[in-house]
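Here's a quick tour for anyone meeting this structure for the first time. Have a look at the sequence and the model, then read on.

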Amino acid sequence: MRTARWAMEVFVTRRIPAAGLRALSEAGGCTVQQWDSNEPVPRAELLAGVAGKQGLLCLLSDRIDKEVLDAAGSGLKVISTMSVGFDHLALHEIKKRGIRVGYTPDVLTDATAELSVALLLATCRRLPESVEEVKNGGWTTWKPLWMCGYGLSDSIVGILGLGRIGQAVARRLKPFGVKKFLYAGSHPKPEIAAEFQAEFVPITRLAEESDFIVVTCALTPETQGICNKDFFCRMKKNSVFINTSRGAVVNQEDLYNALVNGQIAAAGLDVTTPEPLPTDHPLLSLKNCVILPHIGSATYATRNTMSVLAANNLLAGLKGEPMPSELLL
Ligand SMILES: O=C(O)[C@H](O)CO
């Protein structure tokens with residue numbers, strides 16, 4: 001634990017990039033208490049740490065629910081999450097208490113879109129499997145029918161959730177020769193979709209017609225488990241499924257069955273339920289499933305910028321000023 005002298009009190013739930021902590025300490029006027037570790041704050045420490053604080057800077061791995069809000073007490077004014085996702089925050093309880101929320105959209109869009117494309121290519125061109133074959137002696141000679149996968153050229157790409165990250169993915173995939181973009185979501189976005197000549201379709205059609213599906217939607221009650229048995233059954237046998245949003249958008253048992261039964265060709269996941277995925281999880285036994293440890297936004301520059309934005313959101317909220325990125329509840 002590290003403590004510095006300020007007038008308002010804030011709790012920071014993890015070791016964050018130095019730039020973010022510096023932004024807090026240079027602003028003056030607060031006392032910062034931090035769980036100064038790379039590992040998540042234990043629940044008991046979170047409940048104790050937040051007690052009596054006016055500000056909370058948290059991460060997507062911290063569940064901020066009624067229990068935490070009660071432990072904080074009525075003085076808590078601002079919650080600033082160093083993430084664009086906010087499904088870990090009990091927004092209904094937060095709103096009831098009049099607490100303001102800051103988050104970090106935009107600054108991680110490029111990094112996350114880049115990782116989505118990397119994961120898509122790694123999955124459809126079987127990169128982890130191929131690297132493994134080189135190491136284990138499976139590479140005996142050049143073979144016409146060996147390690148073949150699927151390419152983007154002339155393909156149909158379906159984006160589930162054409163938000164900031166979905167658009168940035170489409171923008172990056174277009175030069176690979178994608179024939180057509182489809183998108184599904186809560187409503188059509190004709191002006192945005194025009195850039196990619198993307199067609200708004202029901203999710204069932206997205207599943208049926210896409211060669212590649214990239215999930216970039218937010219996790220909400222509406223999207224929870226939306227990629228389920230029915231969805232995977234509709235997908236083409238040679239199609240590839242990519243998820244860089246939140247694990248809970250996918251019914252993982254249904255995905256496992258789709259991969260094992262050859263209903264779809266492959267899947268690439270940067271997000272799972274739970275995180276971390278237990279090392280004996282069935283999905284990890286599949287060669288046609290590439291799993292990354294939620295590294296969408298993990299560039300040094302992006303994480304620095306996220307931490308500074310999270311700090312600035314917190315400070316602005318504490319001062320009663322407009323936040324650089326406030327989540328409107
Ligand atoms: O919600 C977020 O900020 C992302 O998932 C982090 O990569």
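A polar contact here is a pair of N or O atoms within 3.5 Å; within protein, one must be able to donate a hydrogen and the other to accept it, and residues adjacent in sequence count only if both atoms are side-chain atoms. With that in hand, the side chain of Ser210 reaches the backbone oxygen of Leu206 at 2.7 Å. You're looking at a predicted model, where local features need pLDDT of at least 70, side-chain atom pairs count only at pLDDT 80 or more, and totals for chains, interfaces and linings use all residues. Residues are numbered from 1 along each chain as its sequence is written, and side-chain values use heavy atoms, with hydrogens and water left out.

**Around Ser210**
- Ser210 sits in the loop between helix H9 (203-209) and strand S10 (212-215); helices (H or I, at least four residues) and strands (E, at least two) are DSSP runs, numbered from the N terminus.
- With a relative accessible area of 0%, Ser210 is buried (buried means under 20%, exposed over 50%, partly exposed in between, using a 1.4 Å probe and protein chains only).
- Its side chain also reaches the backbone nitrogen of Gly158, at 3.4 Å.
- Setting aside neighbours within four places in sequence, Ser210 is in contact (heavy atoms within 4.5 Å) with Ile156, Val157, Gly158, Leu182, Lys236 and Ser239.

**The ligand**
- Around the ligand (a heavy atom within 4 Å) you'll find Leu60, Ser83, Val84, Gly85, Leu108, Arg246, His294, Ser297 and Met306.
- An oxygen atom of the ligand is 2.8 Å from a polar backbone atom of Val84.
- On its own the ligand has 230 Å² of accessible area, and the protein covers 93% of that (Shrake-Rupley method, 1.4 Å probe).

- The peptide bond from Thr273 to Pro274 is cis, with omega near -5 degrees.
- The bond from Glu275 to Pro276 is cis as well, with omega near -5 degrees.
- Pro274 lies in the loop between strand S12 (266-269) and strand S13 (289-291), and Pro276 is also in the loop between S12 and S13.
- Arg126 has a positive phi, near 55 degrees, and lies in the loop between helix H5 (109-124) and helix H6 (127-136).
- Met147 has a positive phi too, near 60 degrees, and is buried, with a relative accessible area of 17%.
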